[in-house]
Amino acid sequence: MSVKKTALDKDLKWQKRMDAGMGATASISAKLGLAIVFLLACSAFVAFHMGGLPQSGFLIAAAVIGGYMALNIGANDVANNVGPAVGSKALTMVGALLIAAVFEAAGAIIAGGDVVGTIKNGIIDPNQMPDAQTFVWAMMAALLAAALWLNLATWLGAPVSTTHSIVGGVMGAGMAAVGLGAVNWPTMGTIAASWVISPVLGGLIAAGFLAFIKFRIIYTADRVAAARKWVPILVGVMVSAFSMYLMMKGVKKVWKADTPVVIAIGIAAFFITVIPVRKAVIRASASMTGRRKEIASLFRIPLVVSAALLSFAHGSNDVANAIGPLAAIVSGVDSGEIVTKAPIPIWVMVIGALGISAGLILFGPKLIKTVGSKITKLDPIRAYTVALSAALTVIVASALGLPVSSTHIAVGAVFGVGFLRESLSHRRRQVAPPMLVDAPEGEQSDEHLEALRQIDPNEAERAEKKLRKRLLVRRRYAVTIATAWVVTVPAGAFLGALLFFTIRGIML
């Protein structure tokens with residue numbers, strides 16, 4: 001009888017796995033189908049409105065590639081804005097997708113500007129292009145190269161910079177079209193520097209704020225009193241940082257404020273925020289007993305707001321990675337000239353905005369989970385420091401004239417938080433007894449081990465060894481992501497050059 005039961009259990013387990021696999025396959029097929037519908041809609045729209053124009057087929061192909069790029073930006077890059085909020089459970093996956101989709105599209109349409117630079121970061125010299133046709137081919141090759149690399153990175157589960165992807169594509173296509181002399185190598189040097197500067201600076205700022213919260217609030221005898229004192233100030237710092245961040249990045253194409261105005265807005269935002277937040281914290285903490293989860297809950301609303309604002313700023317800035325080359329192609333075909341600043345037709349902007357939102361909803365959850373929970377465990381406090389770091393790092397880097405990548409900042413901040421947790425968990429700290437009630441996993445103190453020694457010395461010894469060896473950051477993700485960052489520009493350049501030769505061979 002037991003043999004039959006075991007065989008039946010195995011059969012049921014196998015059937016369950018098969019059903020799960022079929023369900024996953026069906027889900028992927030449905031998502032791919034919806035993405036193809038979006039791209040077909042892009043091509044149909046351009047065909048309907050520009051079917052009678054010369055090279056209309058070329059414009060249709062360019063629109064499809066631009067939509068494909070926008071889908072991949074949404075699938076990969078947007079995860080950095082909402083991943084920490086989802087990983088900390090401040091937002092559900094559905095809530096995060098809806099908020100990000102709406103604010104990404106709003107940022108792109110409202111604050112994306114009406115003119116866009118066609119050559120990202122001045123990577124190549126357009127004056128060296130022999131003619132407008134070659135320039136258009138190069139832009140199409142660059143756009144498709146960046147989209148293909150982003151697609152591969154998303155499939156691998158690696159959050160990479162869309163800006164670096166398009167930079168690599170432009171560089172490769174430019175070299176294929178003109179030669180090595182077309183590339184602005186000093187600019188490429190600053191971009192290479194951002195591979196290190198962005199994650200390190202983001203990680204240090206996030207870890208610094210997390211350490212401050214731990215030693216000023218979490219590791220105190222009266223957490224509630226400490227939270228009432230410091231949480232309003234921390235939220236005020238976040239509001240101030242995001243106010244300046246939005247002035248510098250979010251609405252700069254609509255209104256470009258000078259430095260004194262940006263600073264004044266940041267200071268005013270801090271003082272306007274602190275008083276009402278202090279009253280709200282006092283009300284919210286009236287019945288708190290001081291458990292860590294209760295203190296962490298005070299950061300949930302700021303996290304939700306930060307996810308929305310980061311998405312808005314991202315939409316206003318990074319939509320250019322999809323529509324910049326597309327606008328260059330449209331302007332080049334229309335005017336027959338090489339353009340470095342192109343007006344953005346409304347249909348181009350809509351393709352970019354809707355494509356980013358669609359890519360996020362269809363394919364974004366994979367990278368959201370990677371950033372939010374697979375690198376290290378996040379709670380609202382840790383996620384708050386990641387979101388704050390994303391804004392502060394851009395402000396600090398801009399003031400110092402340092403090149404940074406928003407993707408590298410956010411992911412670097414997650415790693416910074418994780419390594420700080422790991423460092424603190426490995427230190428043999430003396431913590432007050434009230435802290436032991438809900439000490440989070442990986443942050444046990446000597447008192448925990450001492451109590452266990454009195455009950456079971458052998459178990460205490462095993463627990464101590466495990467605690468010393470415990471890794472709170474998954475190393476394999478660090479290796480995968482770092483490798484993807486390093487090869488993004490070279491991979492984009494290789495694909496850009498290959499695609500340029502392919503397109504030129506087809507068109508000639």
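Which residues in α14 meet which residues in α15? The legends below, drawn for a predicted model, take up this contact first and then turn to other close-up views.

**Figure 1. Contact of helices α14 and α15 in the predicted model.** On the α14 side, the residues in the contact are R382, T385, V386, S389, A390, T393 and V394. They meet I409, A410, A413, V414, V417 and R421 of α15. By class, this contact has eight nonpolar, three polar and two charged residues. The axes of α14 and α15 lie 9 Å apart, and the two helices pack at an angle of about 135°. Angles over 145 degrees count as roughly antiparallel and those from 65 to 115 as roughly perpendicular, and α14 and α15 are therefore oblique to each other. Their crossing is right-handed.

**Figure 2. Packing of helix α7 against helix α14.** Helix α14 comprises residues 380–400, and α7 comprises residues 185–218. The angle between α7 and α14 is about 135°, with the axes 8 Å apart; the two helices are therefore oblique to each other. α7 passes α14 in a right-handed crossing. From α7, the contact takes in L201, G202, I205, A206, F209, L210, I213 and I218. Facing them in α14 are I381, R382, Y384, T385, V386, L388, S389, L392, T393, V396 and A397. The residues of this contact divide into 14 nonpolar, four polar and one charged.

**Figure 3. Aromatic pairs involving residues F212 and F215.** The model holds seven aromatic pairs. One of them joins F212 and W230, whose ring centres are 5.0 Å apart and whose planes stand at 90°, an edge-to-face arrangement. The pair links distant parts of the chain, with F212 in helix α7 and W230 in helix α8 (residues 223–250), 18 residues apart. F212 is partly exposed at a relative accessible area of 29%, whereas W230 has a relative accessibility of 18% and counts as buried. A further pair is formed by F215 and Y219, with ring centres 5.3 Å apart. The planes of F215 and Y219 meet at 80°, so this pair is edge-to-face. F215 has a relative accessible area of 38% and is partly exposed.

**Figure 4. Surroundings of helix α3.** Helix α3 spans residues 79–87 and is mostly covered, nine of its nine residues being buried. These residues are A79, N80, N81, V82, G83, P84, A85, V86 and G87. They pack against α2 (56–76), α4 (93–111), α11, α13 (365–374), α14 and α15 (406–426). Two of these partners, α14 and α15, also pack against each other, at an angle of about 135°.

**Figure 5. Residue K89, following helix α3.** K89 is found in the loop between α3 and α4. Its phi is near 70°, a positive value in a residue other than glycine. Most residues other than glycine have a negative phi. At 67% relative accessibility, K89 counts as exposed, because the cut-off for that class is over 50%.

**Figure 6. Residue S331 in helix α11.** Helix α11 runs over residues 300–335, and S331 lies within it. S331 has a relative accessible area of 12% and is buried. Leaving aside residues up to four places away in sequence, S331 touches G336, V339, A342 and P343. Helix α11 is also among the elements against which the buried residues of α3 pack.

**Figure 7. Residue A257 in the loop between α8 and α9.** A257 has a relative accessibility of 17% and counts as buried. The C-alpha atoms of A257 and M244 are 9.8 Å apart in space, while the two residues are 13 apart in sequence.

**Figure 8. Overview of the protein chain.** The secondary structure of the chain comes to 18 helices and two strands. Of its 508 residues, 55% count as buried. Among contacts with a separation of 6 or more, 84% are between residues 24 or more positions apart.

Note on methods: Residues are numbered from 1 along each chain as its sequence is written. This is a predicted model: local features need pLDDT of at least 70, side-chain atom pairs count only at pLDDT 80 or more; totals for chains, interfaces and linings use all residues. Side-chain values use heavy atoms; hydrogens and water are left out. Rings of Phe, Tyr and Trp (its six-membered ring) pair if their centres lie within 6.5 Å; planes under 30 degrees apart count as stacked, over 60 as edge-to-face and the rest as tilted. Helices (H or I, at least four residues) and strands (E, at least two) are DSSP runs, numbered from the N terminus. Buried means under 20% relative accessible area, exposed over 50%, partly exposed in between (1.4 Å probe, protein chains only). Axes are lines fitted to C-alpha atoms, for helices over the stretch in contact, and angles run from 0 to 180 degrees between N-to-C directions. Angles under 35 degrees count as roughly parallel, over 145 as roughly antiparallel, 65 to 115 as roughly perpendicular and the rest as oblique. A crossing is left-handed if the near helix is turned anticlockwise from the far one by less than a right angle, and right-handed if clockwise. Contact means heavy atoms within 4.5 Å. Ala, Val, Leu, Ile, Met, Phe, Trp, Tyr, Cys and Pro count as nonpolar, Asp, Glu, Lys and Arg as charged, and the others, Gly among them, as polar.
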